[in-house]
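Here's a friendly walk through one protein model, taken a few pieces at a time. Keep the picture open and follow along.

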Amino acid sequence: MNNYLLKALAYDKQVRIYVVRCEEALNEIGERLNYFPSALAAVGRVMAFTSMMGGMLKLEETVTVKVDGDGPIGLIMAEADAHGHVRAYSNNPHCHFEYTDMKKLNVKQTVGTMGYISVIKDLKLKEPFIGTIPIINGELGEDFAYYLAVSEQVPSVVSLGVLVDENNKAVNAGGFIIQLLPNTKEEVIDALEKKVNNLPTMTELFSSGYSIDDIGKILGDETYEVVEKLPVSFQCTCSKERFGNGIISLGKKDIQEIIDQDHKANTVCHFCGKEYDFDEEELKELLNSAK
Ligand SMILES: [Zn+2]
């Protein structure tokens with residue numbers, strides 16, 4: 001098992017550690033929708049973060065992360081559950097930027113530096129939990145750390161990285177989140193700060209052969225203990241029924257218009273690229289259920 005999510009505790013249970021590797025799930029959508037490199041890197045970072053947020057959930061809860069910046073990729077959205085299932089999507093997979101001096105993928109220019117990040121948690125209560133912050137950097141690691149600190153009041157370090165090869169395929173993708181629990185001692189914070197500042201980037205760690213476990217251990221101390229390991233995989237929750245419900249929600253007038261003009265409707269799932277076609281008969285059935 002190469003792609004999984006690790007949850008651990010360290011520093012006498014004062015610190016929670018999440019580490020994930022997810023290039024297999026990322027390449028599933030990258031190949032289906034012909035992602036360009038920096039767009040793939042941006043979506044991969046959101047996917048890695050979202051899958052770790054999923055690791056903080058219970059049972060049937062789900063989390064959706066939306067990054068809506070002013071960059072050419074447009075809206076990026078990822079969803080995850082508590083079981084390692086993740087899917088992600090962006091408005092424009094066909095954009096690509098590099099930092100001219102370093103040949104490094106430019107996620108900031110892809111995403112933009114103005115806009116908003118929203119995290120929507122469906123905790124199976126009446127109302128979902130929604131937290132929104134402005135984008136502060138655009139490389140996303142810092143932005144998500146800012147979200148956790150401001151919106152969830154948990155001081156956190158977030159590191160994310162995606163390495164893309166010349167065939168537009170992710171060689172590695174993943175990240176880690178370190179969270180300080182309210183009772184964390186000052187000396188632990190200092191030790192962690194030093195550790196994180198001296199750490200190579202996520203893609204460097206993976207490229208040098210460090211496993212998820214290795215990275216967890218590096219971030220921890222002698223009290224480090226693994227809580228859970230979950231395989232991470234791409235899973236799309238789309239279905240013809242869901243798209244049918246989407247059409248129903250358009251209302252009678254709009255559906256009648258589609259029937260009159262096109263006699264059919266072709267829909268495509270933005271997450272996985274799957275197509276769902278509705279013929280005239282099916283549209284008439286949906287019309288009957290619409291308001
Ligand atoms: Zn789908």
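Let's start with a pair of helices: H2 passes H4 in a right-handed crossing. (A crossing is left-handed if the near helix is turned anticlockwise from the far one by less than a right angle, and right-handed if clockwise.) The names come from DSSP runs numbered from the N terminus, with helices being H or I runs of at least four residues and strands being E runs of at least two.

Before going further, a word on where this comes from: this is a predicted model, in which local features need pLDDT of at least 70 and side-chain atom pairs count only at pLDDT 80 or more, while totals for chains, interfaces and linings use all residues. Residues are numbered from 1 along each chain as its sequence is written, and side-chain values use heavy atoms, with hydrogens and water left out.

**Helix pairs**

Axes are lines fitted to C-alpha atoms, for helices over the stretch in contact, and angles run from 0 to 180 degrees between N-to-C directions.

| Pair | Axes come within | Crossing angle |
|---|---|---|
| H2 (residues 37-54) and H4 (residues 141-151) | 11 Å | roughly 30° |
| H9 (residues 252-261) and H10 (residues 280-289) | 9 Å | roughly 165° |
| H8 (residues 240-248) and H10 | 9 Å | roughly 60° |

What do those angles tell you? Angles under 35 degrees count as roughly parallel, over 145 as roughly antiparallel, 65 to 115 as roughly perpendicular and the rest as oblique. So H2 and H4 are roughly parallel to each other, H9 and H10 are roughly antiparallel, and H8 and H10 are oblique.

Now zoom in on who touches whom, where contact means heavy atoms within 4.5 Å. From H2, Arg45, Val46, Phe49 and Met53 meet Phe144, Tyr147 and Leu148 of H4. That contact has 6 nonpolar residues, no polar ones and 1 charged. (Ala, Val, Leu, Ile, Met, Phe, Trp, Tyr, Cys and Pro count as nonpolar, Asp, Glu, Lys and Arg as charged, and the others, Gly among them, as polar.)

Over at H9 and H10, the crossing is left-handed. H9 brings Lys252, Ile255, Gln256, Ile258 and Ile259 to the contact, and H10 brings Glu280, Leu283, Lys284, Leu286, Leu287 and Asn288. Sorted by class, that's 6 nonpolar, 2 polar and 3 charged residues.

H8 and H10 cross in the right-handed sense. Here Lys240, Gly244, Ile247 and Ile248 of H8 meet Glu282, Leu283, Leu286 and Ser289 of H10. This contact splits into 4 nonpolar, 2 polar and 2 charged residues.

Not counting residues up to four places away in sequence, serine 159 touches Gly174, Gly175, Phe176 and Met202.

Next, find glutamate 152 in the loop between H4 and S10. Leaving aside neighbours within four places in sequence, glutamate 152 is in contact with Met53, Lys121, Phe129 and Tyr147. Leucine 283 is 131 residues from glutamate 152 along the chain, and their C-alpha atoms are 44 Å apart.

**Stepping back: the domains**

The domain assignment, whose bounds come from an automatic or database source, gives domain 1 (4-234) and domain 2 (240-289). Their C-alpha centres lie 35 Å apart. Where they meet, 9 residues of domain 1 are in contact with 5 residues of domain 2.

The area buried between the two domains is about 650 Å², with carbon and sulfur atoms giving 68% of that. On the domain 1 side, Leu33, Arg87 and Tyr89 supply 65% of the area buried against domain 2, more than any other three residues. (Buried area is the accessible area, taken with a 1.4 Å probe, that two parts lose on being put together, summed over both.)
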